[in-house]
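User: I have a model open and want a quick rundown before I set anything up. Can you take my questions as they come?

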Amino acid sequence: MSRYFRELSVGAALLLVLATLAIIAPGFYQPQPLLSLATREAPTLVVACGMALVIICRQIDISVGSQFAVCSVCAGLLAAQNWPTALVAVAAIAIGALLGAINGALVAGMRLPSIVVTLATMVTWREALRWQRQGAFVNLPDRVQWFGLSQSTGQWLLVAVALVVLGTLGLALRGLAAGRFLYAVGSDAEAARLAGIRPRQVTFQSFVALGALTGLAAMMNVAQSPQVDPKSGTGLELKAIAAVVVGGVAISGGRGTLWGVLVGLLLLACVAPALTHLHIEAYWEKAIQGGIILLAVVADGIRSRKGRM
Amino acid sequence: VKKSPRQNLLFRHEFALLVVVAIEWIGFNAATARFGTLDNNFDILRHSVEIGLLALAMTPIILTGGIDLSVGSLLGLCAILFGKLWRDAGLSPAAAGVCTLAIGAAGGGLNAVLITGLRLPPLIVTLGTYSLFRGLAEAITRGADTFTNFPASFLFLGQERWLGCPTQAWIFFPTAAAVWLLVHRTTFGRSFRAIGFSPEGACYAGLPVNRRLLGVYVLAGLVAALAAIIYTARLGQAKADAGTGYELFAITAVVLGGTSIFGGIGSVHGTLLGVAAIAILNNGLVHLRQPREAAGMLTGALLLLALTGSVAPKLWEAWRAHRRSRPPLPVRSP
């Protein structure tokens, strides 16, 4: 019970929100809008899973929004050149992995603090993209949207991909040596090194994994609309970090599960539709999300304080 | 008095930055016609005051090993609350300004209480308030409300000259001098460095670590509010997106100025040179008819370069020490 206290309490909060919605605004529960909501949040879930890997490893990456935009635009341009969709997806993932590797090399290789490195790469990629595109959208050929399937099939496919990523990574974190290495390095890098793990290599790999997952998420986003917005992914880093932190992954590393991340993301994702249905203006969304993040870290702080006493 | 090697190195870093700033200025002056005029240089000064103020407030924070990502959002929140107090509550700009400063200090205080009271990492706390402050600004203005038509006596602060200099410079330079004195000539500044090197060590040495940290974050909130007032006066309007991304420029200026992101080492004059380097680059690129994005991209690249440059000697030393300390190969006895 106490081991999964955080996941369970966030789950309880989510159930409370859903129950409130069921009583006050039953209109929230309609299959089509819910499927659309799930599809919209599917790329965020994939990025949040990657972010959880990096945060468990006691690092952080705030450049994912810019990586997402770069991957989206590159994928769009390649698709417009009539590359087959599968190849475009592979290319998007490869570009994401490359961008993640740059962050990883600077953080693990040069031992720089990840927050400043990714702050710098965030602005560099974003401005480079704006300079290159000047805000122009990329028009996609018809066959890319929903992978050429019907809309509802495409939506189900995207949600399924996100859940498969979540499930695979969740099991890998629990069961594979590589997953346990992340927890070991995040808890105490020096102890991990003495135990025969290479902390810097693990850190580097977690950044590459996050980049690759961001590339996949970008592809999942590209497949949802007939155009690619070069501004896409703005604020994605905050959404992902918020989901991870709310879901009970300790920002000081070494603790947390992907199931918690899923619950955290669902809670945050319900804020915007809940506001609409409760007739509160949507402008409060960002403030409420910030409030939820602060609440989550404060709860962590109070709990760890009690634990120390 | 003989200087220690570290002081020597610091001197070298800031001197090198001064040379870079000078080269930038001379280069842009040679390349474009209007860059070197007095008007344009006052323009650079005018445009760098807000980021300069944020960078000044960020320097003590980074010296203590912390970081504050929320200053840009707090600037936005303070700007629209200033507009709200003036237009909707009917206060005079001076009274509204005083209230805004109090609000800024309260915003910084929120960060400070969470960081010192609950011992949460500054990074995640200020990431949360970064979202919270900007969200509040958007919620209060409903994303669209803009405050304009400020009286000319208030706009004088941001758009006119007083005694030959841009008015806000008369606020900026005394603030810079005060922060310089605080960091370099008082025991407070010394305690910031001690905390940055080792919070536990500082605690065992009898320093009131929590009170000092409380002080630097409240100071940052106060300065962000001051920057918000000057920003509003310069543009003549207050909007919810005021100061978006300013935290990045402030951190870049501080790191470029030679302050270690790990805390403990750094100087205020380095930060001022960092601000100058960024401001001149931005202005010069506009004169070269380059798009604004180029300046943003170069600022990011500059930060990366400064970071790698700052750790390269340490890495090189570590690598050499590692090689030297490698035990000799065991010799098999005959």
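User: What secondary structure does chain A have?

Analyst: Chain A has twelve helices and two strands. In sequence order, the pattern runs α-α-α-α-α-β-α-α-α-α-β-α-α-α.

User: And what is the radius of gyration of chain A, against that of a compact globule?

Analyst: Chain A comes out at 19 Å, which agrees with the value near 19 Å for a compact globule because that is what 309 residues would give. The C-alpha trace spans about 60 × 50 × 35 Å along its principal axes.

User: How much of chain A is buried?

Analyst: Of its 309 residues, 53% count as buried. Chain A exposes about 13,500 Å², and carbon and sulfur atoms supply 67% of that area.

User: Switching to charges. How many positive and negative ones, and how far apart are their mean positions?

Analyst: There are 22 positive and 12 negative charges in chain A, and their mean positions lie 8 Å apart.

User: Where is confidence lowest and where is it highest?

Analyst: Confidence is lowest in helix α12 of chain A, residues 285–308, with a mean of 80. The highest is in helix α9 of chain A, residues 199–222, at 96.

User: What about the mean pLDDT for the chain?

Analyst: The mean pLDDT of chain A is 89, and 98% of its residues reach 70 or more. Where pLDDT is low, predicted coordinates should not be read in detail.

Key
Residues numbered from 1 in each chain as written. Chains lettered and ligands numbered in written order. Predicted model: local features only at pLDDT ≥ 70, side-chain atom pairs only at ≥ 80, totals over all residues. Heavy atoms only, no water. Helix = DSSP H or I, 4+ residues; strand = E, 2+ residues; numbered from the N terminus. Rg over C-alpha atoms; globule rule 2.2 N^0.38 Å. Buried < 20%, exposed > 50% of the residue type's maximum accessible area, 1.4 Å probe, protein only. Areas by Shrake-Rupley, 256 points an atom, 1.4 Å probe, with all protein chains shown as cover. Lys, Arg positive; Asp, Glu negative; His and termini not counted. Charge placed at Lys NZ, Arg CZ, Asp CG, Glu CD. pLDDT = per-residue confidence, 0-100.
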